Amino acid sequence: MAKKKVLFECQACGFQSSKWMGKCPNCNAWDQFMELSAKEMELLKEIQSHATNAKNQALSITEVQEEHHERFSSGDSELDLVLGGGVVPGSLTLIGGSPGVGKSTLLLKIGANLAQSGKKVLYVSGEESLGQIKIRANRLEANHPNLYLLSEIDLALIFAELSKQSYDILIVDSIQTLYSQAISSAPGSVSQVREITFELMRYSKERRVATFIIGHITKEGSIAGPRVLEHMVDTVLYFEGDANRELRLLRGFKNRFGSTSEVGIFEMTEQGLLSATDISKKFFNRGRNQAGSAITVIMEGSRPIILEVQALVAESSGSSPKRSATGYEQNRLTMLLALLERKLDLPLNGYDVFINIAGGIKINETAADLAIVAAIISSFRDRVISHESIFIGEVSLIGDIRDVYHLETRLKEAKTHGFEKAIVAKKPSAKEDLIKCYEVNEVEKLIDWM
Ligand SMILES: Nc1ncnc2c1ncn2[C@@H]1O[C@H](COP(=O)(O)OP(=O)(O)OP(=O)(O)O)[C@@H](O)[C@H]1O
Ligand SMILES: [Mg+2]
């Protein structure tokens with residue numbers, strides 16, 4: 001007799017194994033393996049066959065008709081940008097974020113915008129009562145007759161509501177709170193999340209309903225529940241930000257209908273999240289010129305942002321000097337300090353060095369290196385750098401200053417904000433009139449310039 005096939009699954013990450021294990025080899029979690037029931041095995045098969053079940057006959061690519069994705073605006077320019085130009089009907093978008101970052105706020109407001117534009121929207125909350133959501137809606141001015149609220153966790157009852165009226169948009173807050181009776185495990189477990197996402201996907205593709213799913217994020221930064229969730233949906237966005245600051249970034253992580261390089265920028269205010277159109281002014285202060293401050297222009301997606309970087313160099317009291325960086329990579333700071341010590345003979349070994357990026361922004365590129373170096377030298381020598389100048393350039397291990405991409409875009413932005421000089425590795429050969437550029441191609445020359 002054939003042995004019954006059994007399958008165990010890690011409830012933390014979705015890793016599968018034919019035998020029970022105490023510790024998951026994938027995510028190292030303990031005691032998370034659960035045997036899948038016959039029903040769950042069936043569902044898994046269905047999902048897998050759904051994924052591979054293409055048209056049953058191969059077609060030469062020259063005969064294939066391309067799909068056109070019509071889109072409509074979400075009523076929010078930042079979200080539209082991150083989605084790649086608007087919402088695609090029938091698409092599934094997962095929005096992940098840590099607790100309190102503003103996921104519900106963002107989606108309630110988007111729901112209201114869409115309702116305003118004539119779409120019928122269902123906002124399902126498994127976390128909050130209607131009364132609680134109403135308080136938020138009042139604060140955000142999100143009251144619109146076409147925005148419907150449902151406080152429910154049972155998937156079957158959510159589908160029952162969906163069958164009563166024809167909705168264009170479905171918002172689910174959050175996937176971890178919903179529950180399907182088809183599966184015996186608890187809400188938020190891997191099997192539940194997979195089943196619910198699968199059902200929502202099937203529904204939204206069939207009815208061309210654009211669906212937004214909110215997902216909680218674990219401490220490690222991934223969406224709680226299985227990775228399979230990210231595979232199943234069309235688009236994955238992460239909502240990031242520091243709960244203590246107002247700035248929020250919406251980043252594309254996966255997008256079947258567009259690029260993932262764009263970043264949406266929002267500001268959390270009493271009235272909810274405001275799309276930051278003129279965000280640039282927030283991250284630098286022209287008025288106060290102080291030693292240890294330098295200005296640069298970074299790129300977030302296609303957008304230049306002018307930033308102030310701050311350095312504090314102070315005589316160290318301990319035997320090993322402290323190095324700390326907020327918003328900038330610590331390893332990179334260590335590298336730059338070693339370089340300054342080597343090339344410029346600055347005795348930084350006896351000094352603590354702290355770096356801070358204004359506004360809580362995290363710098364993910366090397367174009368700010370030059371400004372960091374300038375700020376460190378400025379603080380060390382206690383000499384003010386004029387805030388008329390901006391610094392753009394990557395500093396290499398051997399002390400060269402290198403060109404960065406999108407230099408013209410950055411310089412244009414600086415010009416718009418009235419800066420007069422830029423210190424760069426190489427002047428761009430622009431046709432347009434840009435601000436005055438000074439070429440500095442190695443760190444030794446930066447000192448001369450300063
Ligand atoms: N009256 C208010 N004024 C200003 N900001 C507020 C106000 N009430 C809430 N907030 C902001 O909204 C945030 C919570 O937003 P929201 O509930 O949308 O987050 P969430 O990501 O959905 O959280 P959760 O993970 O708990 O569901 C708070 O952290 C706070 O910054
Ligand atoms: Mg919420």
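1. How many cavities of 30 Å³ or more does the structure hold? One. A cavity here is a set of points on a 1 Å grid over the protein atoms alone, where a 1.4 Å probe fits but cannot get out.

2. This is a predicted model: local features need pLDDT of at least 70, side-chain atom pairs count only at pLDDT 80 or more, and totals for chains, interfaces and linings use all residues. Side-chain values use heavy atoms, without hydrogens and water, residues are numbered from 1 along each chain as its sequence is written, and chains are lettered from A and ligands numbered from 1 in the order written.

3. The largest cavity holds about 50 Å³, a volume being the space filled by probe spheres set on the points. By class, the lining has five nonpolar, five polar and one charged residues.

4. Ligand 1 has 16 residues around it, each with a heavy atom within 4 Å. Gly 102, Lys 103, Ser 104, Thr 105 and Arg 136 come nearest. The shell divides into three nonpolar, seven polar (Gly counts here) and six charged residues.

5. Helix 3 (103-116) and helix 4 (130-140) each supply at least two shell residues, as does strand 11 (263-269). Helix 3 gives the most, with three. Helices (H or I, at least four residues) and strands (E, at least two) are DSSP runs, numbered from the N terminus.

6. An oxygen atom of ligand 1 is 2.9 Å from an N or O atom in the Arg 136 side chain. A ligand nitrogen atom is 3.3 Å from an N or O atom in the Glu 270 side chain.

Notes: Polar contact = N/O pair within 3.5 Å; in protein donor to acceptor, adjacent residues only side chain to side chain. 1 Å grid on protein atoms, 1.4 Å probe; cavity = no way out; pocket = protein on both sides within 12 Å on 5 of 7 lines; lining within 4 Å.
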